[in-house]
Amino acid sequence: MKFKLCLLALLGAISVGCSGSGGPAGTPAQQPGQAARPLFEQDGQLTAGGHVNFNVPVQAGEQVVVTLTSTDFDPILEVTPPGSAPLTNDDWRGSRTESRLSVIVSEGGSLKVGVTSFSSASGGAFHVRVDRGGLPVVAQAAPGVSEVPSGGVGGIPSGITSQMAIAPATIQPGQSYQGELGPGDQQLPDGSYQEQILVSGATSGPLALFIQAQTQVIPSAVVLDPQGRALSAASNGSYTITQPGTHRVQLISPANQTSGYSIRLGGAAATAPSAPPPTPSLSRSHHQLPTGGNPTPITIGQRVQGQLNASAALPTGEPMTLYAFQATPGQSITVDLTSSAFDPYLMIIGPNGRHWENDDFGGGLNSQVSLDADVAGTYRVVATAYRAGMSGAFDLGVSLGQRPSGPAPSSPSAPSSPSAPSGPGQSQRGALAQGDSTLNSGEFMDTYEMSFPAGQAVHLEAVSSAFDTYLIVRPPSGPQQDNDDQAQGNTNAALDFVSAGGTYRVIVTSYRPGETGDYELRVNQGGSAPSQPSNPGTNPGGSRPAGPAAASTGATTTGALAQGDTTIPSGEFADNYTRTFEVGQSVEIRLTSTQFDPYLIVHTPSGRQLDNDDLNGQTRDAGINLPAAEAGEYRITVTSYRPGETGNYTMTFGAGAAVPRPAGAGGGGGGAGGGGRIFGVFVGITDYPGAGDLPECANDAIKLAQALRERGLLTEDRQVVLTDSQATVANVRNAMARMAQQIRPDDIFIFFHSGHGGQTGGGSTDPREIDGNDEYIVMYDGQIMDNDMGTMFDAINARVAILSLDSCFAGGFAKDVITRPGRIGLFSSEEDVLSAVASQFQAGGYLSHFLRTAFQGAADAAPNDGVLTVGELTHYLYRQFGQHAADVELQGAYQHLVVDRGAVTVDQVLWSYR
């Protein structure tokens with residue numbers, strides 16, 4: 001299990017370079033012409049829809065960093081090294097004003113630098129700069145790699161991030177290096193030694209990186225690509241490098257033991273070096289790749305049923321069944337593995353050793369991997385389980401595309417049931433039947449074209465008792481959306497989205513080929529204007545009041561419970577009303593009486609029943625809050641607490657507390673004006689200076705902010721995303737100060753961090769720290785202590801302020817931050833426990849992944865009503881940790897989620913998705 005290395009000292013104090021004693025001494029060759037003056041620098045003007053090119057002379061072996069900035073448009077940078085394919089970058093580390101690429105030039109000539117805009121309608125002034133240097137390159141004649149002098153490399157341009165001045169030299173193709181982990185290297189809290197080696201990326205074809213133990217004590221290896229994603233070893237121990245740019249190898253020895261190793265970088269066709277000691281495995285204890293086995297052939301477009309048992313297993317004990325299919329370059333392929341008998345786990349191994357894996361897909365237990373085949377050949381599929389000891393039947397399919405939807409028919413296929421498609425706003429009835437159009441994988445399908453205005457919140461459901469429905473929605477532009485089951489145990493499909501405007505293609509199909517039967521497609525436009533309320537039903541013999549003339553809040557209804565009124569099953573008299581509210585509107589319903597103890601019942605349009613007797617312990621009045629009203633009619637019942645009670649009453653409809661909701665619904669997510677907005681500071685560090693890199697942590701921060709933006713709840717002006725070298729202590733403090741000035745008392749604030757965390761090891765003077773330890777999170781250039789975080793949160797005056805830390809010892813922040821009403825702490829581990837990297841989810845940590853899926857809507861399940869409460873969020877996180885992280889053990893302790901809600905109740909509403 002790869003764990004977050006919890007550094008107990010400032011990263012600035014870590015020894016620099018490669019200090020392994022096994023390599024030769026000496027100083028690496030400097031790159032020619034390395035100087036503070038840039039190789040090329042120029043201002044320019046881009047016309048809308050235009051493209052500007054520059055040619056910059058470069059020499060073989062140089063590493064150059066190209067930076068493009070503009071405040072007039074969102075710049076896209078394209079760099080083509082001599083003799084190589086073009087490379088593209090947009091939004092370097094999340095910035096909308098800067099793009100950057102770092103390349104190692106394999107041959108001399110002209111480096112082509114292209115400038116364009118993300119939007120063809122925008123242009124303006126820009127600045128482009130090419131810096132020579134960045135990382136020193138080892139001379140080709142050198143037999144190995146030695147450390148950079150502690151003084152660093154002089155003359156680094158100021159535009160290059162500081163870690164480049166202290167990074168070790170870079171292994172080039174054809175080179176090898178021998179080293180040793182032991183005394184003198186950086187030592188981690190558990191006693192293990194670690195060091196970091198830099199490896200050149202692929203500029204003219206794939207490379208194979210071999211890491212081999214040279215002693216009986218075997219180190220573990222973590223290999224990160226330039227984006228901080230962890231690579232996995234093939235069965236022969238090699239790592240396939242396909243991207244340009246510098247890769248990082250992090251080597252870790254067992255606690256207090258010396259380990260020798262060798263590293264060799266060669267072409268993709270290179271064979272593994274022979275040596276008596278075994279090849280070191282990935283630093284994890286689960287789902288290591290299979291070392292043998294005879295796979296069963298399967299073709300693209302085929303589904304098979306299999307049985308998982310103990311007859312074959314991975315080296316780490318999980319049962320497995322192997323399949324193999326043939327693919328050609330450029331094919332987009334999806335492999336899915338489903339089972340109701342066990343928790344499926346899926347791995348795909350390409351012909352060149354590259355591999356993909358997934359545990360849970362789309363918030364459920366089933367697994368799915370989508371990949372673009374980069375080379376021709378045999379792709380092996382490993383169908384396995386999340387844990388050893390699991391067994392049972394499974395279903396596996398290989399198909400083309402994200403979902404094997406195939407080309408849509410030229411005209412919508414008419415369903416075979418009597419009612420034809422009639423547009424959005426009502427149910428569409430149809431049937432899948434023989435003769436319908438089919439997807440590439442064989443499922444029958446009906447296609448509808450529906451137009452929605454921009455900003456419209458839309459909810460679609462495909463309901464059938466005859467087959468397992470599957471929904472596909474293709475917007476006018478951008479990726480399609482898919483859904484199989486809207487909740488565990490419910491095979492009906494459902495999708496929610498905010499329309500970008502235009503015509504959407506909605507496809508109703510089935511989960512498996514050949515399924516047929518009737519279905520109903522329900523279409524609900526969440527932002528549609530409210531219809532007029534219907535009049536209250538008759539009340540034989542009773543004094544029935546007339547309902548309010550309009551559904552707007554602020555209306556008042558008076559009436560009386562009396563002999564002769566209708567009764568509810570338990571015998572109490574009742575008056576019944578129907579009301580329709582503006583979709584997404586926050587409504588407070590209050591029922592008061594001085595003559596009886598009022599009781600209020602509300603049935604929502606989706607069928608949920610809400611009851612209330614007393615609003616609080618100081619009053620008998622009843623009330624129900626609707627945080628974000630649904631489309632359709634509400635049935636409201638006025639009754640009493642005890643049978644036989646009668647008397648006059650007053651019912652009022654008032655505006656409720658503002659909660660964030662998507663901008664397209666007129667809420668605070670992105671709209672101006674009203675309250676209930678979301679603000680966030682999202683921090684993730686993958687690339688720490690010197691050592692201690694962590695896979696995916698920077699992406700955790702980027703993806704979490706993106707998830708809220710995609711749901712229309714967060715706007716760019718209310719977020720700060722800080723990754724890698726941007727995530728300094730000063731930048732975090734400045735971001736918190738900016739938020740404090742903008743946030744209002746009805747807003748939501750989220751602070752998120754994914755990266756290293758640590759403990760002081762004693763010496764705390766805080767009386768709340770009864771163990772004598774303060775905790776901290778590690779920024780790029782220093783630490784933020786737990787009490788410092790508490791001080792920063794003191795300036796945040798929000799309805800709810802969430803502190804979410806995915807780092808070692810995170811739980812120790814609770815006693816310093818969750819000290820005032822309205823604060824919630826979500827921590828990845830207890831204050832004396834490490835936190836693991838969630839490699840099977842392609843995430844830097846378990847909390848990071850589960851929090852993102854929760855915010856995307858998976859937590860809105862109790863009930864699934866388009867409103868997320870604190871209770872729903874924490875229940876979902878607890879459940880996910882219990883299912884997927886219950887056996888995560890690091891240094892003798894198991895990792896558990898820590899939630900501290902302080903004074904925030906479970907029914908506190910965070911936001912609405914409609």
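An open sheet of 5 strands runs in the order β38-β39-β44-β41-β42 with antiparallel pairing; strands here are DSSP runs of E with at least two residues, helices are runs of H or I with at least four, and both are numbered from the N terminus. Two strands pair if DSSP finds at least two bridges between them. The edge strands, each pairing on one side only, are β38 (566-567) and β42 (609-612). Between β38 and β39 the antiparallel pairing extends over 2 bridges, and Thr567 stands opposite Phe573 in β39.

The model is predicted: local features need pLDDT of at least 70 and side-chain atom pairs count only at pLDDT 80 or more, whereas totals for chains, interfaces and linings use all residues. Residues are numbered from 1 along each chain as its sequence is written, and side-chain values use heavy atoms, with hydrogens and water left out.

Another antiparallel pairing joins β2 (residues 52-58) to β7 (residues 109-117) through 7 bridges. Pro57 has Ser110 in β7 as its bridge partner. Buried means under 20% relative accessible area, exposed means over 50%, and partly exposed lies in between (1.4 Å probe, protein chains only).

**Aromatic pairs**

The whole structure holds 17 aromatic pairs. Rings of Phe, Tyr and Trp (its six-membered ring) pair if their centres lie within 6.5 Å; planes under 30 degrees apart count as stacked, over 60 as edge-to-face and the rest as tilted. Two of the pairs are set out below.

| Pair | Centre distance | Plane angle | Class |
|---|---|---|---|
| Phe581 and Phe653 | 5.9 Å | 45° | tilted |
| Phe596 and Tyr649 | 6.5 Å | 85° | edge-to-face |

Phe581 belongs to the loop between β39 (573-579) and β40 (587-592), and Phe653 to strand β45 (residues 647-655), so this pair ties together parts 72 residues apart in sequence. Phe581 is buried at 1% relative accessibility, and Phe653 is buried at 2%. In the other pair, Phe596 lies in the loop between β40 and β41 (598-603) and Tyr649 in strand β45, so parts 53 residues apart in sequence are tied together. Phe596 is buried at 1% relative accessibility, and Tyr649 is buried at 3%. Elsewhere, ring pairs link Phe841, Tyr846, Phe850 and Phe881 into a cluster.

**Helix contact**

Two packed helices are described by the angle between their axes and the distance between the axes. The axes of α1 (residues 697-710) and α5 (residues 846-858) come within 9 Å and cross at roughly 10°. These axes are lines fitted to C-alpha atoms over the stretch in contact, and angles run from 0 to 180 degrees between N-to-C directions. The two helices, α1 and α5, are therefore roughly parallel to each other; that class covers angles under 35 degrees, with over 145 roughly antiparallel, 65 to 115 roughly perpendicular and the rest oblique. The contact (heavy atoms within 4.5 Å) is made by Asp700, Lys703, Leu704, Ala707 and Leu708 of α1 and by Ser848, Leu851, Arg852, Phe855 and Gln856 of α5.

**Positive phi values**

Glu696, although not a glycine, has a positive phi of about 75°. Glu696 is placed in the loop between β46 (678-684) and α1 and is buried at 7% relative accessibility. Phe809, also a residue other than glycine, has a positive phi near 60°. The loop between β52 (800-806) and α4 (814-817) holds Phe809, which is buried at 8% relative accessibility.
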